[in-house]
Amino acid sequence: MANAVLPSVSAAPRRRSPLKATTEPAWIRGLLITVTVAFIFCFLVFPLFIVFQESLSRGVQVYWTSLRDPDTAHAVRLTLTVAAIVVPLNTIFGLAAAWAVSKFEFPGKRILVTFIDLPLWVSPVVAGLMFVILFGRNGVLHDFFWNGTRQTIPVLFATPGLVLATLFVTFPFVARILIPLMQSQGSTEEEAAIILGARGWQVFVYVTLPKIRWGLFYGIILCNARAMGEFGAVSAVSGHIAGKTNTIPLQIETLYLNGSMDAAFALSTVLSMLALLTLIVKSVVEWLAALQAKNAIDDGTG
């Protein structure tokens, strides 16, 4: 009987080197990293540094005096109020829209998704003018909201108008984060819960919500950031009334145009710090989501 030929050690497969398509020479990697860092510094870090430098150039006392101005303080409160109203409403809408689109099949589903994306393609100024046309003195809904030259139900040049305009430009954020996430997760676990006797609300709270919570937090953060920084839409409906309808971005513009540069830069730092806080929260949420995904893989549940 012929002896079996044993494979030699040299026949063992060798570790392949990385494909050339996925590697680059060191000088190219260094060049790309340098260009990226330089771009971030020139267009993000340096302008932000200039804002803080100019706001404190005349001393801390002038800085705090500018922020204690009644109109400026009202702008901060109004911005936070509008965001506090808009973000929960958009969260509810985003959850409902994502649930409907990802879990059900119905006529007009594609049209609904298209309408959800509509505010992303419409200029914010156009969105604001749309509300002026609807609720203005000569608008489509004139008879319901005006009595001669007086608004019976204040919408324009009042907080409701700011809320409506901000609501329009920010409502896609939560929905667009959740729709692809929920579609990728499928409906298997929800169907199993229903078979076991769970009701619709129980399925949502105990099955769906835990799976999408990090995506939901991410969408809320983006929605809140846009709500606080929105300028174009609220500018069209606010009337730029200092101490009444000026949000932080509008108040910064008003101060700048009036020549109050110290106050404008001081208020700009407030908006910048809100943006940085939002960025920190966003990074923490992303880190926690990645950590949870890693733990799920390690535990064999992912």
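**Close-up 1. Helices H3 and H4 are roughly antiparallel to each other****.** In this predicted model, the axes of H3 (residues 70-103) and H4 (residues 109-121) come within 11 Å and cross at roughly 150°, where an angle over 145 degrees counts as roughly antiparallel. Axes here are lines fitted to C-alpha atoms over the stretch in contact, with angles running from 0 to 180 degrees between N-to-C directions, and helices are DSSP runs of H or I with at least four residues, numbered from the N terminus. The model is predicted, and local features need pLDDT of at least 70, side-chain atom pairs count only at pLDDT 80 or more, and totals for chains, interfaces and linings use all residues. Residues are numbered from 1 along each chain as its sequence is written, and side-chain values use heavy atoms, with hydrogens and water left out.

**Close-up 2. Residues of H3 meet residues of H4****.** Phe-93, Ala-97 and Val-101 of H3 are in contact with Lys-109, Leu-112, Val-113 and Ile-116 of H4, contact meaning heavy atoms within 4.5 Å. By class, this contact has six nonpolar residues, no polar ones and one charged residue (Ala, Val, Leu, Ile, Met, Phe, Trp, Tyr, Cys and Pro count as nonpolar, Asp, Glu, Lys and Arg as charged, and the others, Gly among them, as polar).

**Close-up 3. H3 and helix H10 (200-229) each supply at least two residues of the lining of the largest cavity****.** The lining comprises Thr-79, Val-82, Thr-166, Ala-227, Met-228, Glu-230, Val-234, Thr-247 and Pro-249, a lining residue having an atom within 4 Å of a point of the cavity, which is a set of points on a 1 Å grid over the protein atoms alone where a 1.4 Å probe fits but cannot get out. By class, five of these residues are nonpolar, three polar and one charged.

Conventions:
Parallel < 35°, antiparallel > 145°, perpendicular 65-115°, else oblique. 1 Å grid on protein atoms, 1.4 Å probe; cavity = no way out; pocket = protein on both sides within 12 Å on 5 of 7 lines; lining within 4 Å.
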